[in-house]
Amino acid sequence: MASKTRKAVTRTARKPTAGKAPVKTPRRVLVLVATRKGAWLLHGDAARRSWRVDGPHFLGHIVHHLVLDPRDGRTLLAAAKTGHLGPTVFRSTDRGRNWKEAARPPAFAKAADGKGRVVDHTFWLTPGPASEPGVWYAGTSPQGLFRSDDGGVTWSPFSHINDDPKYVEWMGTVQDGTPDGPKLHSIIIDPRDPKHMYFGMSGGGVHESVDGGKTFAPLVDGMQVVEGFDPAVITFHDPHCVRLCPSNPDRLYQQNHCGIYRLDRPSRTWARIGKSMPKNVGDIGFTMVVHPRDADAAWVLPMDGQTVWPRTSPGGKPAVYGTRNGGRSWQRLDAGLPKEQAWWTIKRQAMAADARDSVGLYFGTTSGELWMSRDEGQRWNCIARNLPEIYAVETAEVA
Amino acid sequence: MKVLIPSPLRSYTQRSWVAATGATLGEVLVDLDRQFPGIRFRMVNEQEAIRPHVRFFVNGEALFRLSEALRPDDELLIVQALSGG
């Protein structure tokens, strides 16, 4: 299906002229915003001070994730559905000017008795490693793992987990999952070894493969579960967002339903680094991002996890918390954010970092505001408001 | 037969009425997918069940099974049961 055509920026390097050095086109940050009612692209200027809004794309579609392929800088995949139609994946090879639907979106294998699982929506998209162009991975709701070898045109179930009785048990039921369906997320490929993979399930724990996805095994030691439940039961584990540090792929961070964690491989035991967060804020939340070049630096956006779990900014005073020492201590970063009566929710995919120096941080609220910081959280500015409920924010660097 | 396409699916067909053939509802949907790739999966899931909120009517009667027989002169209405905000 050809979707709407949207005006987009095309920047080409100028041809070198005789006697003059070639003029390099400055690279710019592109922010990809997926919402409950469509998707938007925000094109930044070189200084990340002004943003040109391109959208909506797929107005009315529920877009759970929008990701640019860093391997070619132009292929975009969007995980989409409408409230009343089945799920699909849209694909653009010209950075959002034209879109085409996947020929075979992620779908579970058909069961002989017709009682097999049904993909409600694709939730997470991860491009494969540079050594495997065209490879993408997708996580779905309910929990399923899929792979495409042709740039997102056709998708197939990947690995044993979709039908493995033990994994299906660990995935729990719809009643065990998040309000809009249990999810497979945080698909991570080790940049040193494409056969080394991780993913998270809400619920169902963190899992690791060292054989290219042929087999996976739980990686949940040290992770806590809701009081009164047995952490030995994988079903009870609810990692919200898992990140691998690009500068040290042996280090992972995790924002969990029950705290903030760090794991330094080869250890298999997560350490709860959220215990050093202020007690009146706590370490509950959905999202987490890591610094692209400093494995000791990471940021979270705490949510209220008390009483009935409002999952809003504690006290109505939003703040990002950052660590510079691997989670031993945290700094409150709220300059520029509302000082009171701001009851924000930020979902697990709705925070991202760019790769600039200094690092830009971005997050989107369920109330449709997009905020960014050009200085690693020291100062925040709202760069878009009045958008639909924001589900995911990603960044890319483009020419 | 003539098939009325609801507005959420017209991005596939670019028009409201299309022609399709088949002896059953399932066969007609397969023929629609042949003409408009991807349209069937939006209405029928991977377990061959009609998705919630998608309704089919022929001559004023609702059809609930893909095996329902159709005649060449039937008129199939596909309806999107919209709800929620």
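Leaving aside its neighbours within four places in sequence, which residues is V33(A) in contact with? They are A39(A), W40(A), L42(A), G364(A), L370(A), L387(A), I390(A) and V393(A), where contact means that two C-beta atoms, placed from the backbone, lie within 7 Å.

A quick word on the ground rules. This is a predicted model, in which local features need pLDDT of at least 70 and side-chain atom pairs count only at pLDDT 80 or more, while totals for chains, interfaces and linings use all residues. Residues are numbered from 1 along each chain as its sequence is written, and chains are lettered from A and ligands numbered from 1 in the order in which they are written.

**The core around V33(A)**

V33(A) is one of the residues with the most contacts inside the largest nonpolar core, along with L32(A), V63(A), A78(A) and V393(A). That core holds 102 residues; a nonpolar core is a set of buried Ala, Val, Leu, Ile, Met, Phe, Trp, Tyr and Cys residues joined through C-beta atoms within 7 Å. A residue is buried if 20 or more other C-beta atoms lie within 10 Å of its own, exposed if 12 or fewer, and partly exposed in between, again with C-beta atoms placed from the backbone. Strand β1 (residues 28-35) of chain A gives the core its largest share, six residues. Apart from this core there is another, of 17 residues, including V3(B), L9(B), Y12(B) and M43(B).

β1(A) is mostly covered, with seven of its eight residues buried. (Strands, E of at least two residues, and helices, H or I of at least four, are DSSP runs numbered from the N terminus.) β1(A) pairs with β28(A) (residues 390-398) in the antiparallel sense over eight bridges, and strands count as paired if DSSP finds at least two bridges between them. There, V29(A) sits opposite E397(A). β1(A) also runs antiparallel to β2(A) (residues 38-44), joined by six bridges, and the two form a hairpin with two residues between them. Here V33(A) has W40(A) as its bridge partner.

**Two open sheets in chain A**

Chain A also has these open sheets of four strands, both with antiparallel pairing. The angles are averages between neighbouring strands, direction ignored; axes are lines fitted to C-alpha atoms, for helices over the stretch in contact, and angles run from 0 to 180 degrees between N-to-C directions.

The loop between β22 (320-323) and β23 (331-333) of chain A contains G326(A). G326(A) is partly exposed, with 18 other C-beta atoms within 10 Å. Beyond its neighbours within four places in sequence, G326(A) is in contact with R262(A), I273(A) and D296(A).

**Chain B**

Over in chain B, helix α2 (residues 25-35) has L25(B), V28(B), L29(B) and L32(B) buried. Seen down the axis of α2(B), the buried residues fall within an arc of 100 degrees, so they line one face of the helix; the arc is that of the directions from the helix axis to the C-beta atoms. Their cover includes β1 (2-4), β3 (54-58), β4 (61-63) and β5 (75-80) of chain B.

As for the interface, 19 residues of chain B are in contact with 20 residues of chain A.
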